[in-house]
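This briefing covers sheet architecture, helix packing and salt bridges in the structure shown below.

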Amino acid sequence: MQNSEKIWELVDARKEAYEALADRVWGMPESCYAESRSVAEHRAMLEEEGFRITENLAGIPTAVMGEAGEGGPVIAILGEYDALPGLSQVAGIAEPREAVAGGPGHGCGHNMLGSAALLAATAVKNYLAAQGIEGRVRYYGCPAEEGGAAKVFMVRAGLFEDVDIAITWHPSAVNRVDDAMSLANTRIDFTFKGRAAHAAAAPHLGRSALDAVELMNVGDNNMREHMPTVARIHYTMLDARGVAPNVVQASAKVRYAIRATQLPAMRALIERVKKVANGAAMMTETQLDLKVVSAVSNLLGNAPLEEAMQRQLDHLGPPPFDAADRAYAAQIQATLSLEDIASTYARAGVPMRKDTPLCDFIVPYGTKGAPMMGSTDVGDVSWVVPTVQARVATHAIGTPGHSWQITAQGKSGQAKKGMVNAAKVMAGVAVDALGDPALIARAKADHKGRTDATPYDCPLPADVKPPIQPRPTA
């Protein structure tokens, strides 16, 4: 903690460049494994800052790593820059308006996530050089967090084997140490093959793949009553094969996301979903083929690192939002329901506050809120390396994740102030660890205690490869 102000000054010295990086990435939204321009922007910044650069991590063209320093412990700072499909939005307004019809958008704030992480890594790099101390900092530029599980492939490739601790953050409506609660998650494509026929003249000759998908969905919806309340099943149609109702559809594909709090529970639920799919195939006399697309583990906490991060948050305080930030956030809140706003407070475990469009407080460490969990491939990193994650306010309280409102706020004043605060928190934890070997030792002991009985078991089948997207030709 005694070096916090020094590292924060180094963050402030470079913040304008990384605010600009966040804006550039916001303006070129690219989803799941297609982040060629975004990774090029991050690579250019790594080169400008003098990092040693490694590309094509785990065979993924849109993954990059920069390293600085020599010897000592290795501190990893994780960034992301992928966008979400269908969330294109004009920035700085408080109404839904697509910038590009049907296009992707940064509806989870990853334009800020990667930029702040790289800003933190740059500050730590400059701190190591200025202080003349041993230690290495690495920035991992990670694509495809949204459904692509890129970090799982990176873990499987051994890219974190020599890392001592990992640090990351996520844009949020509140300021807190992440409570390391997430759902293990797998995505599986179920493809049914039947037989086409004239639906009026010869329906008895047809075998409907679309019927099979519908029966599978009905079966899984009925199964929800008989599975753990915190588990989740979602699906989306990928291919209904045609728009003609007078044709018996011979092919149909549905993608399922299957989630549970622990990998064993997720795997058990997968087997139940497979049984439903097989039953649907039997009832419709269709053939079933399934393919695992991605899979991630649940998050693993680390008390020593979380306590160190809380000290940084408490010492730094919330982002210094100004009147213009609060005015815009209030406009965004006007588009939300009271339930949206109450949900944020319930998730954080703190009482609701009136007339508070932006979070001006730090949630105390250990505060337990209502479990409202998603999934993240940071989970797999946390199983192989002691990992800690911050949540830092960048958008109005109540803003739903994966929404046009997140995209709209992605270049705002509150977004920039929040991402700079996040960089300071991450860099502060890194410097604390570099200066205190006992902190790293405690973090490793905590990690060992959590994994001794249940070692990491990669949720991805060995034959699953990253679905690499071709680079654009122009």
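In this predicted model, 7 strands build an open sheet of mixed pairing, ordered S1-S2-S4-S3-S5-S11-S6. Strand S1 (52-55) and strand S6 (176-177) form the edges; each has a single partner strand, so one side of each lacks a neighbour in the sheet.

**Sheet and packed helices**
- S6 is joined by 2 bridges to strand S11 (residues 387-393), and the two run antiparallel.
- Val177 is placed opposite Ala390 in S11.
- Helix H2 (residues 36-49) packs on the sheet, where it touches S1, strand S2 (64-70) and strand S4 (135-142), and its direction makes about 15° with that of S2.
- Helix H3 (residues 110-131) also packs on the sheet, with S2, strand S3 (74-80), S4 and strand S5 (165-172) touched, and its direction makes about 155° with that of S3.

**Helix crossing**
- Helix H8 (residues 323-333) and helix H12 (residues 413-435) have axes that come within 8 Å and cross at roughly 115°.
- Asp325, Tyr328 and Ala329 of H8 meet Gly413, Gln414 and Lys417 of H12.

**Salt bridges**
- The salt bridges number 29.
- Glu67 pairs with Arg52, with the closest N and O atoms 2.9 Å apart; Glu67 is in strand S2 and Arg52 in strand S1.
- Glu67 is buried at 12% relative accessibility, whereas Arg52 is partly exposed at 37%.
- Arg52 and Glu67 also belong to a salt-bridge network with Glu70, Arg136, Arg138 and Asp162.
- Lys151 forms a salt bridge with Asp377, the closest N and O atoms being 2.7 Å apart.
- Lys151 lies in helix H4 (residues 150-156) and Asp377 in the loop between helices H9 and H10, so this pair ties together parts 226 residues apart in sequence.

Methods
Residues numbered from 1 in each chain as written. Predicted model: local features only at pLDDT ≥ 70, side-chain atom pairs only at ≥ 80, totals over all residues. Heavy atoms only, no water. Pairing = 2+ DSSP bridges. Helix = DSSP H or I, 4+ residues; strand = E, 2+ residues; numbered from the N terminus. Contact = heavy atoms within 4.5 Å. Axes fitted to C-alpha atoms, helices over the stretch in contact; angles between N-to-C directions. Salt bridge = Lys/Arg side-chain N within 4 Å of Asp/Glu carboxyl O. Buried < 20%, exposed > 50% of the residue type's maximum accessible area, 1.4 Å probe, protein only.
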